[in-house]
Amino acid sequence: MSLAKAFFDVGLFTNQRELQQQFWSEQVGLTFDHTLKLGGGVLQHRYNAGIAVLKLNDARDSLPAPGAGPIAELLVATPGATAPRALMDPDGNSVTLVPPGHDGIQGLAVRLRVTDPARSRAFYEQVLGCVPQPNGRLRCGEALLLLEKADSAAAAGDAPLAAVGLRYLTLQVFDCDAAYASALACGAEGAKAPVTLGSTARIAFIRDPDGVWIELSERASVTGKAVSE
């Protein structure tokens, strides 16, 4: 899969907007960029982590809280950090700040709990074109996915997209429809077919074997071309 940006973005949903905004700006130190209206009473507050983006989806309506899912930890490369520092956001998501370059981490990285590491590696290599690295890691562009074995309960990912917690990864692609079709042809589960969001982006969602939501986004500001229909 051809990526339009070397780093994936990470999206979370919350009903605690003020506490979460304070956490990401003051404790983590990410720079706020802008807010998007997603519809359905959801505002997306976007924070820059290098060229990666932390997408804080602030929902007006009460969200289900399924508990820990496959995205077990978010690692943030933070300028000024001298050693890893473990934090927990207001919704209980595990966040670790690391110096840029620590264990090869730049921008954002995620630790995934998966029921079958071999199956997950095959999915990410074959569907998304990730490159295997030592110690159960995968490189997606220049970002890292860290795979660890979990039991079925710990890795259950049956919750809807809009639920409290770290919910999805976003890959920027040049052609959403082509990327979605290619992913399905490689065996990915199609979760949401491509739709156009005004002049901003065309997006679709697939899911990995443990239910992680993966957004395929053809974003005009990234690709440099008008959004296709």
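Asp175 caps the N-terminal end of helix α3, with a side-chain oxygen 3.2 Å from the backbone nitrogen of Asp177; a polar contact is a pair of N or O atoms within 3.5 Å, where within protein one must be able to donate a hydrogen and the other to accept it, and residues adjacent in sequence count only if both atoms are side-chain atoms. The model is predicted, so that local features need pLDDT of at least 70 and side-chain atom pairs count only at pLDDT 80 or more, while totals for chains, interfaces and linings use all residues. Residues are numbered from 1 along each chain as its sequence is written, and side-chain values use heavy atoms, with hydrogens and water left out.

**Helices**

Helices (H or I, at least four residues) and strands (E, at least two) are DSSP runs numbered from the N terminus. Within α3, which spans residues 176-185, Cys176, Ala179, Tyr180 and Ala183 are buried, that is, under 20% relative accessible area with a 1.4 Å probe and protein chains only. These residues lie on the same side of α3 because they cover an arc of only 100 degrees around the axis, the arc being that of the directions from the helix axis to the C-beta atoms. The buried residues of α3 pack against β13, β14 and β15, where contact means heavy atoms within 4.5 Å. Just after α3, Gly187 takes a positive phi of about 105 degrees.

In helix α2, residues 117-126, the buried residues are Ser120, Phe123 and Tyr124. Their arc around the axis is only 90 degrees, which puts them on the same side of α2. The buried residues of α2 pack against β8 (108-114), β10 (137-140), β11 (143-149), β14 and β15.

**Pockets**

On a 1 Å grid over the protein atoms alone, a pocket is an open set of points where a 1.4 Å probe fits, with protein on both sides within 12 Å along at least five of seven lines, and lining residues have an atom within 4 Å of a point. A volume is the space filled by probe spheres set on the points.

| Pocket | Volume |
|---|---|
| Largest pocket | about 510 Å³ |
| Second largest pocket | about 240 Å³ |

The largest pocket is lined by 25 residues, and Leu38, Gln44, Leu197, Ile203 and Glu215 lie nearest its centre. Strands that each supply at least two residues of this lining include β13 (189-197), β14 (201-207) and β15 (213-219). For the second largest pocket, the largest share of the lining, three residues, comes from β12.

Terms used:
Buried means under 20% relative accessible area, exposed over 50%, partly exposed in between (1.4 Å probe, protein chains only).
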